[in-house]
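Look at the model first, then read on.

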Amino acid sequence: MEENITKENIRKKENIVYKKTNLMTDKVLSYCPGCGHGTTHRIIMEVVDEMGIQSETLGIAPVGCSVLAYEFMNIDMQEAAHGRAPAMATAMKRLMPEKYIFSYQGDGDLAAIGTAETIHACNRGENITIIFVNNGIYGMTGGQMAPTTLPGMKSSTSPYGRDIVTMGNPLKITELIAQLPGTYFVTRQAVHTPANVRKTKKAIRKAFENQKLKKGLSFVEVVSNCSSGWKMTPVQANKWMVENMFPFYPLGDIKVDRELVK
Amino acid sequence: MRELKLMKGNEAISEAAIRVGCDGYFGYPITPQSEILEYLMVEKPEEISGMIVLQAESELASINMVYAGAACGKRVMTSSSSPGISLMQEGISYMAGAELPSLIVNVVRGGPGLGTIQPSQSDYFQATKGGGHGDYHIIVLAPSSVQEMADFVGLGFDLAFKYRNPAMILSDGAIGQMMEKVEFDEHQPRFTEEEIRKNTPWATVGKTPDRERNIITSLDLDPARQEIHNIKLQAKYRKIEENEVRFEKIACDDAEYIFVAYGTSSRICQKAIQLAREKGIKVGLFRPITLYPFPVKEIKELSKKVKGILSVEMSAGQMIEDIRLAAEGNIKIEHFGKMGGIIHSPAEVVEVLEQKIIGG
């Protein structure tokens, strides 16, 4: 039995049970071990592939760790200035209402520098999809405090922990935008276990289906980790995320079919 | 058949945009140019040509809407006035970096800061030297009449797409607000997606099996590749400088002295020429129409023929730097400026010519 477990054998078509998604490029992911970006990229591309809409889908990459998202997704993409993706998505959808438009944004991008663009695109009810990856930190610039950094959480610009008196409160922007009449579907998910990955994929699929049905704005938050920025191992980071991030940012649907979930 | 209308400069911009097949306008109100957005909202161009008009939440949002629309190969534009244009510099720099064609209208008011709502030409440096961060230029057209406000919309889009570069109409509050007669061409249809895929193969309109994916970005983390990109941009600017200089000469043939002026101040200079010639002073007007590319060769030639140049600007003296560089120290060149929304009178222009250039 054991002699059959060779690279050659494993790579045989009949033995493959899991492979790279068609719409991911061959570029090796630049993300840290355990990071949720790679998984989130993958499930977006799976949804686009399964819906057969590659030629009609346009993505927007943010500024942050996923700034190079366009190198990994095999679709037409635009790189945004920091925080401006919802404004860009607005124009793209208005100019080409039949296309599928999504923005992919981190917490600093979406909830700090781009707050105005986020709120107004949501409030106008643009028929787009916003994917919001929230890991409570600025990853790419080296672990600075983000708008979603938890109270007491250490970062390179809150080295003694986030003091809400001087540094302000973390912003629950997802709950905030759920209050706006323009949003149709608002949900918060995670990608740290296979079960959660399946739920997130289902939410992203629903968000794209909503565009097809011209329902309005769908907003999918993915609570994620940052082992490098949090100074933890990938396993520790996931554990910390479950114990600290999820109580503050509880998973689940917040608004479905324009109705707040009670 | 050209159609004749009487309208404000700002309205002429909007009417021309509808007629040249512009796909989208994204803007935010600011005096003295709000008529551009208002006129478009009244006219409902979506029903005429399918052109989209959207009032954005800020100038930052507007310019990034333009960025995204341009990245889709669409003919998109925005307009604002000085403080709003400062906010847009981020997006303009990104568009220059990503080589996106677009049209930006600046109906200039006096600054700095919130300044005044009166006309000024104090954004010359910002418009012609880049304005935002990084080594870049945008094409800058300076209209001096309501007719040119209309004509430069189509010209601006054509140049922007020819060079994959943002273009700007640098007007001022006087030309934006004044009413004149203006002739328009018939409506042109907007480009179809098929035409966009053919004309602008780089545009992000959806990856089809027959081509690689298109990426619009101004980012390259590899310095060697970023340098190559910068060299390519610079080569493009040299080509623009070689091919796209536009200017007008009035009464220059026998002139011993020259006014150099654009936009509103060039109109003042036309009256000043009459007054000066009545006094026997042979003076002409050189009016740059493109401020970038600046008419360097033409000014250099002129500087070999005349005795002196007076730069007449509604600013503290910005264009004069380009005039002096072009003239390479050949002759005396002085500046006569007005600031804060004040416009020169023709008589004082003649007086300063006599004092600073002829008698100086």
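In this predicted model, 36 residues of chain B are in contact with 32 residues of chain A (contact means heavy atoms within 4.5 Å).

The model is predicted, so local features need pLDDT of at least 70 and side-chain atom pairs count only at pLDDT 80 or more, while totals for chains, interfaces and linings use all residues. Residues are numbered from 1 along each chain as its sequence is written, chains are lettered from A and ligands numbered from 1 in the order in which they are written, and side-chain values use heavy atoms, leaving out hydrogens and water.

**Interface area**

- The size of an interface is often given as the accessible area lost when the parts come together.
- Chains B and A bury about 2,700 Å² between them, and carbon and sulfur atoms give 61% of this area (buried area is the accessible area, 1.4 Å probe, that two parts lose on being put together, summed over both).
- On the chain B side, Glu57(B), Lys207(B) and Arg213(B) lose the most area to chain A, together 23% of what that side buries.

**Polar links and composition**

- There are 4 salt bridges between chain B and chain A (a side-chain nitrogen of Lys or Arg within 4 Å of a carboxyl oxygen of Asp or Glu).
- Arg211(B) makes a salt bridge with Asp76(A), and their closest N and O atoms are 2.6 Å apart.
- α4(B) supplies the largest share of the side of chain B that touches chain A, 8 residues.
- Helices (H or I, at least four residues) and strands (E, at least two) are DSSP runs, numbered from the N terminus.
- The residues of that side of chain B divide into 18 nonpolar, 9 polar and 9 charged.
- Ala, Val, Leu, Ile, Met, Phe, Trp, Tyr, Cys and Pro count as nonpolar, Asp, Glu, Lys and Arg as charged, and the others, Gly among them, as polar.

**Sheet across the chains**

- Strand β2 (residues 76–79) of chain A pairs with β9(B) in the parallel sense over 2 bridges (strands pair if DSSP finds at least two bridges between them).
- Met77(A) has Ile215(B) as its bridge partner, and Gln78(A) has Ile216(B).

**Sheet within chain B**

- Strands β11 (residues 257–260) and β14 (residues 308–313) of chain B run parallel, joined by 4 bridges.
- Tyr257(B) stands opposite Gly308(B) in β14(B).
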